[in-house]
Amino acid sequence: MTELPALPVPPYHYPPYNELPHEPACAYFRAVLAALGPEAGSTDSDDSLCGWLDDRDVPLYELFIGFGPWTLVWDQANGWTFALEGLDGEDEPGERRRLIEGAIVPAPHDVVRAAHMIPSHARGWTLPIQEQESPVPADIPLTPALQDLLREGFIRPDTANRLAAFVAAERVAFPH
């Protein structure tokens, strides 16, 4: 059996399931929010923009986390970026910079480590940091929503498998 991703443990809590509309990435997003703990600010999501994935124009499923005066942004084509402005709930953050390279779905603790480097980056240190993708768990079933995205070509197979692993880990840790 494939080893499931380690989820952050209490005292951090997971946001309610109904607060994030994009089911395919919700379990991963909740794991990152839990890893950020009380440092995580407001959250938002958007699916109105398009971006490039494997030379195709596809809808981006963006998830936003307020992190101090900055905004962390994730989408299925680019992984993690950040904006040097806060999440105000009215407009999407403007200019984005790479936070993590080499991984679309890095471990939540790697996202936290990179986020903590943003203040240093603002003073001239370099981001993005280089991270490895978590192992691809091939034997974990995809959710119907992930299957739909994969069928439409809106997500890569390895990204879908990594997101499915977080869904499976969440179901084991928090059975309904």
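# Strands, core and helices of a predicted chain

User: Which residue in β7 is the bridge partner of alanine 83?

Analyst: Arginine 96 is the partner in β7. Keep in mind that this is a predicted model.

User: OK. How do β6 and β7 pair, and over how many bridges?

Analyst: They run antiparallel, with three bridges between them. Strand β7 covers residues 96–98.

User: Is β6 mostly covered or mostly open?

Analyst: Mostly covered. Five of its five residues are buried.

User: Let's zoom out. How many helices and strands in the chain?

Analyst: Five helices and nine strands. From the N terminus the order is α-β-β-β-β-β-β-β-β-α-α-β-α-α.

User: How much of the chain is buried?

Analyst: Buried residues account for 51% of the 176 residues. The accessible surface is about 8900 Å², and carbon and sulfur atoms hold 54% of that.

User: What share of the contacts join residues at least 24 apart?

Analyst: It is 55%, taken among contacts between residues at least 6 apart in sequence.

User: Now the core. How many residues are in the largest nonpolar core?

Analyst: The count is 46. Tyr28, Leu72, Trp74 and Trp80 have the most contacts inside it.

User: Which elements supply at least two residues each?

Analyst: Two of the helices are α1 (23–36) and α2 (108–115). Further along come α4 (144–152) and α5. The strands are β4 (62–67), β5 (70–75) and β6 (79–83).

User: Where does the largest share come from?

Analyst: From α1, with nine residues.

User: What is leucine 72 in contact with, sequence neighbours aside?

Analyst: Leaving out residues within four places, leucine 72 contacts Leu36, Leu63, Phe64, Ile65 and Phe67, among others. The list also includes Trp80, Thr81, Phe82, Leu99, Ala115 and Ile118.

User: Aromatics next. How many aromatic pairs does the structure hold?

Analyst: Three. One of them, tyrosine 28 with tryptophan 80, is tilted. The ring centres are 6.3 Å apart, with 55° between the planes.

User: Where do those two residues sit?

Analyst: Tyrosine 28 is in helix α1 and tryptophan 80 is in strand β6. They are 52 residues apart, so the pair links distant parts of the chain.

User: Buried or exposed?

Analyst: Tyrosine 28 and tryptophan 80 are both buried.

User: Which residues form the aromatic cluster?

Analyst: Tyr28, Trp74, Trp80 and Phe166. Phe166 is one of the buried residues in α5.

User: Good, on to α5. What should the helix span, and what does it span?

Analyst: Helix α5 covers residues 157–173, which is 17 residues. At 1.5 Å a residue, the helix should span 24 Å. The end C-alpha atoms are 24 Å apart, which agrees.

User: Why is α5 called largely enclosed?

Analyst: Because twelve of its 17 residues are buried. Among them are Thr159, Asn161, Arg162, Leu163 and Glu170.

User: What about α2, how many of its residues are buried?

Analyst: Six of its eight, so α2 is mostly covered. The buried ones are Pro108, Asp110, Val111, Val112, Ala114 and Ala115.

User: Last one. Where is isoleucine 129 found?

Analyst: In strand β9, residues 129–130. Isoleucine 129 has 9% relative accessibility, so it counts as buried.

User: Which residues does isoleucine 129 touch?

Analyst: Not counting residues up to four places away, isoleucine 129 touches Leu99, Ile100, Glu101, Asp110, Arg113, Ala114 and Met117. Asp110 and Ala114 are also among the buried residues of α2.

User: How far apart are the C-alpha atoms of isoleucine 129 and arginine 113?

Analyst: They are separated by 9.2 Å. Along the chain the two residues are 16 residues apart.

Technical notes:
Residues are numbered from 1 along each chain as its sequence is written. This is a predicted model: local features need pLDDT of at least 70, side-chain atom pairs count only at pLDDT 80 or more; totals for chains, interfaces and linings use all residues. Side-chain values use heavy atoms; hydrogens and water are left out. Helices (H or I, at least four residues) and strands (E, at least two) are DSSP runs, numbered from the N terminus. The expected span of a helix is 1.5 Å times one less than its number of residues. Buried means under 20% relative accessible area, exposed over 50%, partly exposed in between (1.4 Å probe, protein chains only). Contact means heavy atoms within 4.5 Å. A nonpolar core is a set of buried Ala, Val, Leu, Ile, Met, Phe, Trp, Tyr and Cys residues joined through side-chain atoms within 4.5 Å. Accessible areas come from the Shrake-Rupley method with a 1.4 Å probe; for residues, only the protein chains shown count as cover. Rings of Phe, Tyr and Trp (its six-membered ring) pair if their centres lie within 6.5 Å; planes under 30 degrees apart count as stacked, over 60 as edge-to-face and the rest as tilted. Two strands pair if DSSP finds at least two bridges between them.
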